[in-house]
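Thanks for having me, everyone. Let me put the model up on the screen, and then I'll walk you through a few spots in it.

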Amino acid sequence: MHISCQYMCTIIFIALEPQMKPRKGGHLAGISENKKCCVMNCTNTVNGRTWLSIPSYIVAFNGYFTAKARSHFISSALRGVGAVNWRIMPRENPASDYPSDFEVVQIRQDAHSSLLTLQDHPYIKRVTPQRKVFRSLKLLAGDGGSSCNDTRWMQKWQSWQSSRPLRRTSLSLGSGFWHATGRHSSRRLLRAIPRHVAHILQADVLWQMGHTGSGVKVAVFDTGLSEKHPHFKNVKERTNWTNEKTLDDGLGHGTFVAGVIASMRECQGFAPDSELHIFRVFTNNQVSYTSWFLDAFNYAILKKIDVLNLSIGGPDFMDHPFVDKVWELTANRVIMVSAIGNDGPLYGTLNNPADQMDVIGVGGIDFEDNIARFSSRGMTTWELPGGYGRVKPDIVTYGSGVRGSGMKEGCRSLSGTSVASPVVAGAVTLLASTVLNRELVNPASMKQALIASARRLPGVNMFEQGHGKLDLLRAYQILYSYRPQASLSPSYIDLTECPYMWPYCSQPIYYGGMPTIVNVTILNGMGVTGRIVDKPIWQPYLPQNGDHIDVAVSYSPVLWPWAGYLAVSISVAKKAASWEGIAQGHVMLTVASPAENDSAVGAEMTSTVKLPVKVKIVPTPPRSKRVLWDQYHNLRYPPGYFPRDNLRMKNDPLDWNGDHIHTNFRDMYQHLRSMGYFVEVLGSPITCFDASQYGTLLMVDSEEEYFPEEISKLRRDIDNGLSLIIFSDWYNTSVMRKVKFYDENTRQWWMPDTGGANIPALNDLISVWGMAFSDGLFEGDFTMADHDMYYASGCSIARFPEDGIVIAQTLKDQGLEVLKQETAVVENVPVLGLYQTPSEGGGRIALYGDSNCIDDSHRQKDCFWLLDALLQYTSYGVTPPSILHSQNKVLPPTGTDGSLPERLEGNHLYRYSKVLEAHLGDPKPRPLPACPHLSWAKPQPLNETAPSNLWKHQKLLSVDMDKVVLPNMKAYRPQVRPLSPGERGAWDIPGGIMPGRYNQEVGQTIPMFAFLGAMVVLSFFVVQLTKSRNRPKRRKPRIKRPLYLQQQQQIPHTGKNPTV
């Protein structure tokens, strides 16, 4: 049954083909072939009836049941709702003979009531849409032909099809672009490094010790593997989970990944003797489904897989069946290694499942130890808006130009975090084979060993490199003497250490500020489940002013699987309001887990860990320097369809980066800090902050509604001196209907729940001052105050007080272009407004209709200068002369010539809103939630000195790496050998440069040795010169001179020669 293109073929091409026009240098000729391919694959009838366009749902059960029992549960649930047109989709794969915990059901009519009935069944845990998963490979050798799912043929504006953020995609690239760390700013000799990554990481040292991955089962979830590939000698099983009747790899990606892990010749893998289990979960059209993964995951648990590599990812951490199954996998001791994503250098772009606590998330570097430009950056965005994200990736390793097995034979090179992931998976497989007691190896203990042994890259923060670069031999030393214990990630909090602890180190803390939240991951190597005994204890160091800070902690009630969270909130005590200095202390907690091998009932293993805390405190800055960022009213995908602020971003229409000052507004935050402003984050309603402490409230790209109490409080606050800056975006209901797209997960058209911003809600907020934004949609380049500007899908100001200042520009009507494919230029479009409220001591308000110029996601020309000017106005009342005397000043619009935008009828914003709730079909505001209240820990002061340097490699209990003796590494470094047939150019060594392994760390020590050698030579000449000057003028008898000189020469040289 072909289901790869699904309903897209019958809808997308019918909707788009009449409007498609050939692009200059484009591929219009490919449309017919693309359409033909999809038509061929989408024909599907069952008993004479078409099920193609019928939504599919994953019905998850509370346990594993036989097929007969599952069918009985579903039929009994649907019997009473009249859903006669439904069926259970057949799944023909190796797992179909075993009990399962889910079914895939198609429901033809009355789906909503049927879903509610299914969810009410006592044996059914959850019902979610079946998700279609895409892979878009970009290989060095070329992409090959266009696939059926190629989205290049989508028309410019018409109805987007499922975009990349909805998909879990392959994380490989054809080429790498690199972000330098700043450590190599001078000209230098480029060194040739062989690209056999297993040798570079010194896996050959462990091979010489007899460790080659033997006895470890490793699963590769990818595109398959040919049966008789010459690089592999221990392929235990190949299974197919797709709707294609083949086990072979038609793309080469799965073969490459398997080769990095376990190839035995040419481009050698890490663990050639490991037991390979190949799971073909992607078709040759690079398509998969969540249900395929779920079945394959269940089979992996059944086969007792030890290590699983997953080189795919996507931002949908709310794909509940997938996320739940990953948790179940790791709970069954499967060590999952996954790529962190290729959406860098933007922050907040982590992919799932690599962003989960129980998964080893891998980022990419090049062979010069630079972070790959494409490698996704943290933080995790699960916790927003109320909390703060976790540190990810966990570790980084080589991900550019890495050599692996070709599809049939020979070697090839690929780049991407899809490549870095199997490097770590291969290393984990090899490391697992070195442990005699395999019971000690679990997802937590392996991650503990990797992050504790990782080598930190200088000049790179923790949201880029995690704990650092993979060090295979140090990880082996740690595992050699490991005993089960708990540890923390990060292992300390130092708000003074830059750049590693960015963004925490970028701004000191002070009394009256929002608490600084650090989200720490607890890793529990003692067992799959655990708990924190009693409560964590806060112990300030009195000699280091630890009593000047207050600490509150919240934590996971249960640590499962293998991990939990520890949220540490840090604030300044009142007595330090005018004090400046460093304060230190530590949080101590004890983790307990059931003793698995202890015969005593209720026996537990315990482990106590300390979290050192070090902060810099400054006196509370003046109100004018304090800016409060409204995070509470920002929404993003998942779970709803929140479109991009720039409608030109056709290939990626969903807003999914978190809209946080440390993710896609990072550059803006850095700029404000450089200008001396202190920026804090509001993760709760407007009713929950003291406005007298802040000069300006900054609202950017707000999608959320507002509580009536928030609107009333903000009006009072501005009357009392608080100022407000709003960067808005587009909102037009006709355009919103036009930019809908077909979601192949639910077989439904998705309508945006808001525009780029929620203009009707913002208008409610500012209406009391006679202000409003319009539903116009404009785009264009212009010059303001001698600065080049680009207006990207912004709105205009529809209404403004007559005594305010308004700046207008000439722009294109983008809304007309979207709706009618026509072009029009509109003059005097009001884009900027400044207003001083009339009340005595009242604040100021500034409005701008577009946020793209300060958003890293799609910024073309920054307008940080404009933000500076607006803050000068709101904080100090200084109107910028370039704006006050601008030739583009116009009379403020009165808003009488047009209606204001209204909310889209039938929108589903209430499903994802913190403010709205459904009420008889008409959403109403929820009751205002209570403001968050932190329970500050009672301090237990210590009258002892705190450690002076918190940066050291994470120390695991009972691990003494000096006791683990490795063989002479120099003896086992790979030597240059003649190239074998078919391996031409495998080493990539330019002519004239000495071949062989030239390690970067060794290369960096050569200048030091040269300097020491020069100093030795210089010292020798100085000593000789001094001796010659101090010789007595009277010459001694010639017969005694040799004896005297011999004695003098022996004294300084006996055991004192410096060596290099």
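By buried I mean under 20% relative accessible area, while exposed is over 50% and partly exposed is in between, using a 1.4 Å probe and protein chains only. Gln-631 sits in the loop between strand 30 (626-630) and helix 14 (666-674). Helices here are DSSP runs of H or I with at least four residues, strands are runs of E with at least two, and both are numbered from the N terminus. What does Gln-631 touch, not counting residues up to four places away in sequence? Its contacts are Leu-384, Pro-385, Gly-658, Asp-659, His-660, Ile-661, Val-681 and Leu-682, where contact means heavy atoms within 4.5 Å.

Quick housekeeping. This is a predicted model, so local features need pLDDT of at least 70 and side-chain atom pairs count only at pLDDT 80 or more, whereas totals for chains, interfaces and linings use all residues. Residues are numbered from 1 along each chain as its sequence is written, and side-chain values use heavy atoms, with hydrogens and water left out.

One of the contacts of Gln-631 is Pro-385, and that proline has something to show us. The peptide bond from Leu-384 to Pro-385 is cis, with omega near 5°. Pro-385 is in the loop between strand 17 (371-372) and strand 18. Another cis peptide bond joins Asn-352 and Pro-353, with omega about 15°, and Pro-353 is in the loop between strand 15 (335-339) and strand 16 (360-365).

Strand 18 (residues 395-398) holds Thr-397. Is Thr-397 buried or exposed? It's buried, with a relative accessible area of 1%. Leaving out residues up to four places away in sequence, Thr-397 touches Leu-201, Val-362, Gly-363, Gly-364, Ile-365, Ala-420, Val-423, Val-424 and Leu-470.

Stepping back to the whole chain: there are 22 helices and 45 strands. Of its 1060 residues, 58% count as buried. Among contacts with a separation of 6 or more, 80% are between residues 24 or more positions apart.

Now the inside. The largest nonpolar core has 80 residues, and Met-668, Phe-727, Leu-832, Tyr-848 and Leu-866 touch the most other members. A nonpolar core, by the way, is a set of buried Ala, Val, Leu, Ile, Met, Phe, Trp, Tyr and Cys residues joined through side-chain atoms within 4.5 Å. Helix 19 (residues 864-876) gives the most to this core, with 7 residues. Apart from that core lies another, of 62 residues, among them Val-216, Ala-258, Ile-278 and Val-423.

Back to helix 19, where we find Tyr-873. At 6% relative accessibility, Tyr-873 counts as buried. Tyr-873 and Leu-834 are 39 residues apart in sequence, but 8.3 Å apart in space, C-alpha to C-alpha. Beyond its neighbours up to four places away, Tyr-873 touches residues including Leu-834, Arg-844 and Pro-880.

Which helix is largely enclosed by the rest of the structure? That's helix 13 (residues 472-480), because 8 of its 9 residues are buried. Those buried residues pack against helix 6 (203-208), helix 10 (417-434) and helix 11 (443-453).

On to the aromatics. Rings of Phe, Tyr and Trp (its six-membered ring) pair if their centres lie within 6.5 Å; planes under 30 degrees apart count as stacked, over 60 as edge-to-face and the rest as tilted. By that rule we get 28 aromatic pairs. Take Phe-61 and Phe-73: the pair is tilted, at 6.1 Å centre to centre and 50° between the planes. Phe-61 is in strand 1 (residues 56-65) and Phe-73 in helix 3 (residues 67-78), 12 residues apart. Phe-61 is buried at 2% relative accessibility, and Phe-73 is buried too, at 11%.

Last stop, the exposed side. Where does Asp-786 sit? It's in the loop between strand 37 (778-784) and strand 38 (787-794). Asp-786 is exposed, with a relative accessible area of 78%, and has a positive phi of about 65° although it is not a glycine. Asp-534 also has a positive phi, near 55°, and counts as exposed at 65% relative accessibility. Asp-534 lies in the loop between strand 24 (531-532) and strand 25 (537-540).
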